[in-house]
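Here is a short briefing to read alongside your structure viewer. Take a look at the chains first, and then we will walk through a few backbone features together.

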Amino acid sequence: MSDKNNKIPFNENNYTHNINRNNERKLDRRGFMKTLVGAAGVFAVSSLPWGAIAAKELSGLSDKKYPKKKIADLKSVAVGDAVDFHFPGEHDSAILIRLSEKKFVAYQNACTHLRCPVFWEKDKGEMICPCHHGKFDVETGAPTAGPPRRPLPEIHVKVENGAVYAVGVKRYEA
Amino acid sequence: MKRSYVPVALLLAVLMLNIIFTQYMVHQYFYQNYMNTIIAAVLNVILFPIAFLIYKKGVNVND
Ligand code: FES
């Protein structure tokens, strides 16, 4: 190759002849570290909304109130027994379990895996989904075994003059 | 002084942790374990100043 394009044409009045742009775009160690720090910043910022929404859920802001609905008379549910009912809508099946004299728990009983109905196994003391043997903790609704990974939506109940009422849902899942 | 690649390795480790925490955070969110979600988010946020400190220390070691 000839050298004719590689000559500096003038000696003094060329103000750019000493600018060396070779390797200008090379990613050196410093630039690479800068990129990594920037990535850490992006991760940090994008974590914020998740934390915020989770905090909102924890604070109970998304609990929903519904007109209270009678589930059953106190007398008709023996300790350790369960009653099926519907709340808040007509087609949202739910289950009420009497754990002790005073303690009632209620959940929407569509399994959080594939929505099969969940049953109360009295002698095992746990809630079981027959479809794929998912199990739920009866005190909290948290999944303890099998495919479901989300807790059953809890229904708030209240005992008032001899009857049990459903008053709200922790998070409504239709 | 010879340039050191230890900070680069540390920053890559930070990036790895970022990825792990982010995935954990998203999964725990969908499993509705909101406390774990918040913990993972906080960890992700404090990784940023750590990364920045590693960078600050690292660039002084001559480029
Ligand atoms: S639907 Fe309940 S375990 Fe699959």
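Helices (H or I, at least four residues) and strands (E, at least two) are DSSP runs, and they are numbered from the N terminus. This is a predicted model, in which local features need pLDDT of at least 70 and side-chain atom pairs count only at pLDDT 80 or more, while totals for chains, interfaces and linings use all residues. Residues are numbered from 1 along each chain as its sequence is written, chains are lettered from A and ligands numbered from 1 in the order in which they are written, and side-chain values use heavy atoms, with hydrogens and water left out.

**A cis peptide bond**
- In chain A, Phe87(A) and Pro88(A) are joined by a cis peptide bond, with omega about -10°.
- Pro88(A) sits in the loop between β2 (82-86) and β3 (93-98) of chain A.

**Positive phi values**
- His133(A), a residue other than glycine, has a positive phi near 55°.
- The loop between β6 (126-129) and β7 (134-136) of chain A holds His133(A).
- In chain B, Gln32(B) is also a residue other than glycine with a positive phi, here near 60°.
- Gln32(B) is found in the loop between α1 (6-30) and α2 (34-60) of chain B.

**Buried or exposed**
- Buried means under 20% relative accessible area, exposed over 50%, and partly exposed in between (1.4 Å probe, protein chains only).
- His133(A) counts as exposed because its relative accessibility is 57%.
- Gln32(B) has a relative accessible area of 13%, so Gln32(B) is buried.
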